Amino acid sequence: MRRLDLPLVALAAGMVLATPAFAYRPFDGTDGDVADPGEFELEMGPAQFLSSPEGRYIMAPATVLNLGVAPGFELVIDFKGFVALHPETGQPRMRLLDTDIFLKSVLRRGTLQGEAGPSIALEAGPLLPEIGGTNAFGFQANLITSYRWDALSLHLNTSAALTREHGMDGFVSLILEGPHEWPVRPVGEVYTDHEFGNATTYSALAGAIWQVRDHLALDAAVRYAAQPGNNAVEIRFGLTLGVALWHHDERPN
């Protein structure tokens with residue numbers, strides 16, 4: 001775990017070296033775009049609350065790290081810290097879950113890149129062993145199709161995974177966003193997640209994204225998830241911050 005002063009230093013540096021960033025927090029899915037080469041995006045939920053039949057948890061932090069590594073390619077690292085408010089006997093109080101590393105690429109440039117037609121991207125990579133969770137590897141691939149109109153943006157995620165428990169999992173998500181030019185735009189997401197041999201989870205999220213300035217966005221949302229005998233409520237707050245680590249010259253040689 002990184003010490004507290006490191007994120008604060010990164011945040012301070014980001015305020016000076018900022019580049020445009022658009023939040024794809026607070027969703028479970030993502031969009032059909034990637035960071036520009038040399039652009040680092042920090043997506044963080046500093047402290048989120050989850051209530052489920054298994055217990056109540058603070059997720060601190062829920063983090064996505066994005067780095068544009070080449071034109072049309074982005075490296076993505078995910079992890080969530082879970083702190084049990086009332087841990088059960090034998091359960092670690094602190095766990096690091098949902099750990100993975102993906103490579104995301106734009107397959108088709110479209111409206112998210114300022115061109116015509118849908119934007120299509122593929123995100124794929126290993127699910128890493130968790131700390132205090134499942135100590136095994138898995139693999140996931142996600143095809144994302146996005147389209148932006150003046151009044152509405154849609155992002156469809158269709159994902160398949162080999163879980164850490166070596167089962168098969170399918171995930172379908174639809175993200176809806178209000179007008180992208182609004183400083184505060186309403187957002188929502190519905191998804192279904194089915195692990196073969198287990199119950200299907202249905203989820204709905206409603207919230208808003210505030211584009212504070214080009215390099216900084218804040219978000220807030222409430223998510224409700226349901227499966228037989230196991231419903232959960234999650235409250236999400238977070239930020240997305242863009243930092244230019246290096247500059248890429250797109251001019252031809």
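User: Let's start with Gly 32: buried or exposed?
Analyst: Gly 32 is buried, with a relative accessible area of 0%. Bear in mind that this is a predicted model.

User: OK, and where does Gly 32 sit in the chain?
Analyst: Gly 32 lies in the loop between α1 (5–16) and β1 (39–45).

User: What is Gly 32 in contact with, leaving aside neighbours within four places in sequence?
Analyst: Its contacts are Val 106, Leu 112, Gln 113, Ser 119, Ala 121, Ile 144, Ser 146 and His 155.

User: How accessible is Glu 177?
Analyst: Glu 177 has a relative accessible area of 1%, so it counts as buried.

User: What else is in contact with Glu 177, again skipping neighbours within four places in sequence?
Analyst: Besides His 155, Glu 177 is in contact with Tyr 24, Phe 27, Ala 151, Leu 152, Ser 153, Arg 185, Pro 186, Val 187 and Ile 209.

User: Switching to confidence. What's the mean pLDDT of the protein chain?
Analyst: The mean is 88, and 88% of the residues reach 70 or more.

User: Where is confidence lowest, and where is it highest?
Analyst: Confidence is lowest in α1, with a mean of 36, and highest in strand β7 (residues 138–148), at 98. Over residues 1–23 the pLDDT is below 50, and that stretch has 41 contacts in the model beyond near neighbours in sequence. Where pLDDT is low, the predicted coordinates should not be read in detail.

User: Noted. How many helices and strands are there in the protein chain?
Analyst: One helix and 13 strands.

User: How do β3 and β4 pair?
Analyst: Strand β3 (residues 55–70) and strand β4 (residues 73–84) are antiparallel, with 11 bridges. Met 59 is opposite Phe 82 in β4. The two strands make a hairpin with two residues between them, and Gly 72 in the turn has a positive phi of about 80°.

User: And β4 with β5?
Analyst: β4 pairs with strand β5 (residues 94–108) in the antiparallel sense too, over 10 bridges. Val 76 has Phe 102 in β5 as its bridge partner.

User: What about β1, which strands does it pair with?
Analyst: β1 pairs with strand β13 (residues 232–244) in the antiparallel sense over six bridges. It also pairs with β3, again antiparallel and over six bridges. On the β13 side, Met 44 has Leu 239 as its bridge partner. On the β3 side, Glu 41 has Asn 66.

User: How many of the residues in β1 are buried?
Analyst: Six of its seven, so β1 is mostly covered.

User: Which residues other than glycine have a positive phi?
Analyst: Among them are Asp 98, with phi near 55°, and His 166, at about 65°. Most residues other than glycine have a negative phi, and most peptide bonds are trans, so these are worth a look.

User: Where are those two, and how accessible are they?
Analyst: Asp 98 is in strand β5 and counts as partly exposed, at 34% relative accessibility. His 166 is in the loop between β8 (153–162) and β9, and it is exposed, with a relative accessible area of 59%.

User: Last one, the whole chain. What share of its residues is buried?
Analyst: 44% of the 253 residues count as buried. The accessible surface comes to about 13,000 Å², and 64% of that belongs to carbon and sulfur atoms. Of the contacts between residues at least 6 apart in sequence, 49% join residues at least 24 apart.

Key
Residues numbered from 1 in each chain as written. Predicted model: local features only at pLDDT ≥ 70, side-chain atom pairs only at ≥ 80, totals over all residues. Heavy atoms only, no water. Buried < 20%, exposed > 50% of the residue type's maximum accessible area, 1.4 Å probe, protein only. Contact = heavy atoms within 4.5 Å. Helix = DSSP H or I, 4+ residues; strand = E, 2+ residues; numbered from the N terminus. pLDDT = per-residue confidence, 0-100. Pairing = 2+ DSSP bridges. Areas by Shrake-Rupley, 256 points an atom, 1.4 Å probe, with all protein chains shown as cover.
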